[in-house]
Each structure stands twice: as C-alpha cells, then as structure tokens.
Amino acid sequence: MSKEQTFIASIDQGTTSTRFFIYDKSARIIGSHHVEFAQFYPEAGWVEHDPMEILESVRSCMTKALDKATADGYNVDSGLKAIGLTNQRETVVVWSKSTGSPLYNAIVWMDVRTSSICRKLEKELPGGRTHFVESCGLPLSTYFSAVKLLWLMENKEEVRAAIKNGDALFGTIDAWLIWNLTGGVNGGIHVTDVSNASRTMLMNLKTLNWDKATLKTLGIPAEILPKIVSNAEVIGKIAKGWPLFGVPIAGCLGDQHAAMVGQACRRGEAKCTYGTGAFILLNTGTAPVKSTHGLLTTLAFKLGPKAETNYALEGSIAIAGAAVQWLRDSLGIISSASEIESLASKVDCTGGVYFVPAFNGLFAPWWRDDARGICIGITRFTSKSHIARAVLESMCFQVKDVLDSMHKDAGEKGEVKNEKGEFLLRVDGGATVNNLLMQIQADLLGSSVVRPADIETTALGAAYAAGIAVGVWKEEELFASGQNIKTASIFSPKSSVEWRKKKVDSWCKAVERTFGLADLE
C-alpha cells in the first residue's frame with residue numbers, strides 16, 4: 001500500500017557529482033541518488049566539464065531516486081509538489097538556442113585560463129582590480145563568470161558566430177539545467193536566480209538586474225543573458241521526456257546560498273561548507289556590507305519575488321576537499337577520501353610540515369592568482385601521516401584566515417554570539433563527517449564548531465526554497481531560533497592561545513612562500 005504524503009525534491013549539482021533528494025514534509029530524505037562525472041584538465045590551470053554529461057547525470061539521479069522511493073512504498077508521482085535546484089556557481093556554458101548543443105565545454109569556477117584577461121582589464125579600467133566592486137561587490141578575478149564568457153567570446157569562433165546570429169544563450173549551470181528541464185529547444189525557459197547572477201560580476205547588487213554599464217564596458221550583449229528571478233518562485237514545469245513530467249521547478253540557488261538556507265542562517269550567523277573548495281558566508285541582513293579585508297560582498301538569498309533581500313560577506317577558498325582528492329588520485333597516499341582521518345590520526349601533530357594547496361592560486365582573503373601550492377618543513381622524520389594531517393590543517397587554516405577577515409568587516413554588532421560570548425561557526429558538506437577535521441578547526445579558531453545532524457544542507461536549502469514557493473513551508477518557521485543547533489554535534493576548542501598563535505604565525509609564513517610561483521610553470 002502506497003504512503004500518501006507531501007513531498008519536495010531537490011537537484012544538487014556540484015563540482016564533481018550530481019545528487020537528487022526527495023524529502024517528506026518533515027524534511028526527512030525518503031529517496032536519493034548520486035552520480036559522479038568527469039572533470040577535464042586540457043592545460044595547466046584549466047578545468048572543464050561536459051555539459052551534456054551533467055545533463056544526463058541529472059536525468060539518471062532523478063530516475064533512480066524516484067525508483068528507490070517508489071520501491072519503499074511512497075507515491076511520489078502524486079505527492080511531489082515542487083523541485084528545487086542548487087548548483088556549483090560561476091561555472092559557465094554557452095549553447096545554441098536552435099540546436100540545444102553546447103558551443104564549448106563548461107568552464108569551471110576554479111579554472112584560471114582568464115588570468116591574462118584579468119590583468120589586461122586591471123590595467124585598462126580606471127578602477128583597476130576593484131573597478132566593478134561598487135556595482136557587483138566582486139573584484140576582477142578568474143573566479144567569476146564574466147571573464148570566462150569573455151574568454152569564450154575572444155577564443156571560440158563558434159561562440160562569436162552564434163552571438164552574431166542571435167543563436168547564443170549564456171548561463172551558469174542552473175540556467176543550462178532549467179532551460180533543458182523545461183523543454184530546451186521546444187520552449188525551454190532561460191532564467192537564472194539572484195544568487196547565481198550575483199556571482200557573474202554582471203548583476204547590480206542593489207537593483208538585482210544586469211548592470212548596463214558593466215555590460216557596455218565588457219562588450220557583453222544583454223540578449224544572451226538569462227532573466228533573473230528570486231530564489232523561491234515557480235519558474236516553470238518539467239517538460240515531457242524527463243522524469244517527473246509536469247512538476248514545477250520552484251526554487252533555485254547557488255550551492256553556498258542554498259546551504260545558508262539549509263542552515264537557517266539569520267543576520268549575524270555564518271556557515272562554512274566544506275566541499276571541493278570551502279565557502280564561508282555571513283548573513284549581513286538587508287543591506288550589503290563592503291569588505292575592506294579581502295572578502296566578497298554578495299547576495300545571500302531572496303526567498304520570493306516580494307521577499308526581503310538578504311546579503312552576505314563571503315570568503316571563498318578554492319581548494320579544500322580537492323586537496324584530499326589530490327592525495328588519493330594523484331599521489332595514491334590514500335585509496336579513498338574517508339581514509340584520511342585514520343591516517344592523520346596516527347600522529348598528534350604535523351611534525352612541522354605545512355601544506356598550502358594553492359593549486360590554481362589563492363582566493364580570499366589573499367587573492368593571489370600567481371600563487372602555487374607548496375609543502376614545506378619536510379624532514380627525514382616526515383611520514384605520509386604527517387602530510388595527511390597537514391592537508392587537513394590547511395583546510396582549517398584557510399577557514400580561519402577568512403573568519404578573521406569576516407570578524408573585522410562585520411564588527412561586534414554584525415555577529416550573533418551565544419550566552420558564552422562565542423561566535424559559533426555552522427558547518428556542512430561531505431568533509432564534515434571527519435571528526436578530526438572538525439576538532440582541528442575548533443582548535444585553530446579558538447571557538448566552537450557546530451555540525452548539524454543532516455550535513456547535506458545544500459540540497460535541503462534548495463528543497464526549502466521550493467517548498468516556500470508552493471506553500472509547503474513558511475520562511476519564518478524554517479528560520480525559527482536554534483532549530484538546527486538542537487540536533488547538532490558541537491566541537492569545542494581544546495588548544496591554548498599560545499599554541500594557536502604559533503601555528504597561525506607559521507602558516508602565514510608558509511602562505512607567503514607560495515606567492516609568485518606561477519612562473520615556474
């Protein structure tokens with residue numbers, strides 16, 4: 001006998017995998033599936049995905065998650081009210097409106113092929129590296145979508161021709177997926193949401209529209225850009241030929257913004273998602289806060305067309321979990337990512353080893369695309385356990401660098417503290433299952449780290465947004481005080497102030513050694 005209930009689903013399209021989750025009204029997962037896909041590295045510093053493979057990964061995940069839920073007796077077909085979508089940000093695709101085919105591979109957010117374009121613009125624009133900060137909150141960097149689009153326009157004849165002929169559509173991964181899910185060449189809807197748009201360098205943070213002056217300066221035609229919508233509204237329905245035909249897509253957020261919603265971060269509260277990279281966002285409320293310490297001013301979320309816009313300060317770290325993947329895939333020190341905790345636990349310190357994973361440069365708060373990775377302090381005593389522990393520490397040091405900047409930018413009034421006067425960092429993402437990593441993080445911060453019972457808060461946030469749009473949940477209920485803290489694991493610091501200061505000083509010396517090494521390539 002099938003179980004008649006209300007369900008919400010979410011597509012979670014990340015940097016290395018796609019996942020699909022089906023939730024009941026209590027936000028309990030009743031079906032899910034996960035598919036990994038390939039990354040391509042055509043040259044040093046270049047990272048690409050096949051957009052068609054991503055599309056097929058979504059189809060596969062939807063089908064198999066639905067099959068699992070149905071096999072367990074859930075009538076998802078009749079009870080599914082909406083689907084939310086969350087995705088890797090900044091990664092770009094340009095495709096043909098008439099054929100639906102990508103005109104080039106997706107250029108991934110961590111790709112640095114655009115460094116020469118950034119340097120050229122820095123020299124030409126009156127405001128240099130910060131020329132567009134006033135409008136979009138972002139500095140000129142290889143990280144953001146606009147310069148990736150410029151590279152495609154300058155280097156790919158297919159893209160130039162399609163733009164000239166009015167046949168090109170541009171978007172981040174959310175726009176690519178929604179266009180295809182809602183019909184593709186047969187009436188697909190070309191939209192993006194405010195959070196993904198805020199990462200392109202092209203959206204004005206105050207008007208939430210494409211910034212005409214920026215488009216003119218960069219020579220980007222507005223006609224190829226998607227319409228910008230809020231994070232929680234009915235966008236369109238799943239088209240024929242897809243699983244779950246007719247179900248509305250009602251939520252869309254970039255992955256880090258979705259995690260903020262999943263963690264129910266209100267003004268003054270911050271979360272860090274540990275994935276391929278690590279991303280710390282602090283909700284600054286309804287007004288953008290300009291950073292003077294190397295952070296990004298960005299949009300947090302807007303949960304409805306008429307809802308208030310929440311803004312955030314963000315610190316983006318390019319390489320976090322990707323360093324663990326490097327140990328596994330490139331060096332063979334571990335055979336699975338989960339092994340790193342037991343390997344690193346065999347020693348109680350790194351033996352003086354410091355690892356800085358500046359594989360493609362450093363993001364916040366350093367913003368050095370000329371940096372390259374180093375491992376220093378190696379002696380004859382150094383073992384693979386020391387290196388494994390140094391990799392875990394590198395993730396935590398980078399988070400501390402960002403949080404130190406965040407505290408300076410936000411000030412005492414911009415942060416919420418508990419009754420002990422502590423600023424609690426909420427954490428999520430796959431790497432947070434590593435208890436050693438979480439304890440190292442608390443020790444280096446000198447304050448507690450809070451891990452929710454459900455660490456997949458990115459997918460949950462997209463589901464919440466879709467549920468809000470169709471009336472399954474109310475925003476005020478989801479953001480009720482402390483709802484996630486009650487079921488959390490809390491890691492408290494065990495380190496001394498002296499130990500922490502010595503470690504941080506040594507880390508900063510190691511970071512400085514990475515600068516200017518790009519020329520070694």
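Helices α10 (residues 255-262) and α15 (residues 457-469) approach within 7 Å, axis to axis, and cross at roughly 80°. The two are therefore roughly perpendicular (65 to 115 degrees). Axes are lines fitted to C-alpha atoms over the stretch in contact, with angles from 0 to 180 degrees between N-to-C directions. Helices are DSSP runs (H or I) of at least four residues, and strands (E) of at least two, numbered from the N terminus. The model is predicted; local features need pLDDT of at least 70, and side-chain atom pairs pLDDT 80 or more, while totals for chains, interfaces and linings use all residues. Residues are numbered from 1 along each chain, and side-chain values use heavy atoms, without hydrogens and water.

Contact (heavy atoms within 4.5 Å) involves Asp255, Ala258, Ala259, Val261 and Gly262 of α10 and Thr457, Thr458, Leu460, Gly461, Ala462 and Tyr464 of α15.

Aromatic pairs number 21. Rings of Phe, Tyr and Trp (its six-membered ring) pair if their centres lie within 6.5 Å; planes under 30 degrees apart count as stacked, over 60 as edge-to-face and the rest as tilted. Phe363 and Trp367 are stacked, with centres 5.5 Å apart and planes at 20°.

Trp366 and Phe515 form a tilted pair, with centres 6.1 Å apart and planes at 55°. This pair ties together parts 149 residues apart in sequence. Arg368 lies over the face of Phe515, 4.1 Å from the ring centre.

Terms used. Angles under 35 degrees count as roughly parallel, over 145 as roughly antiparallel, 65 to 115 as roughly perpendicular and the rest as oblique. A charge sits over a ring if NZ of Lys or CZ of Arg is within 6 Å of the ring centre and within 35 degrees of the ring normal.
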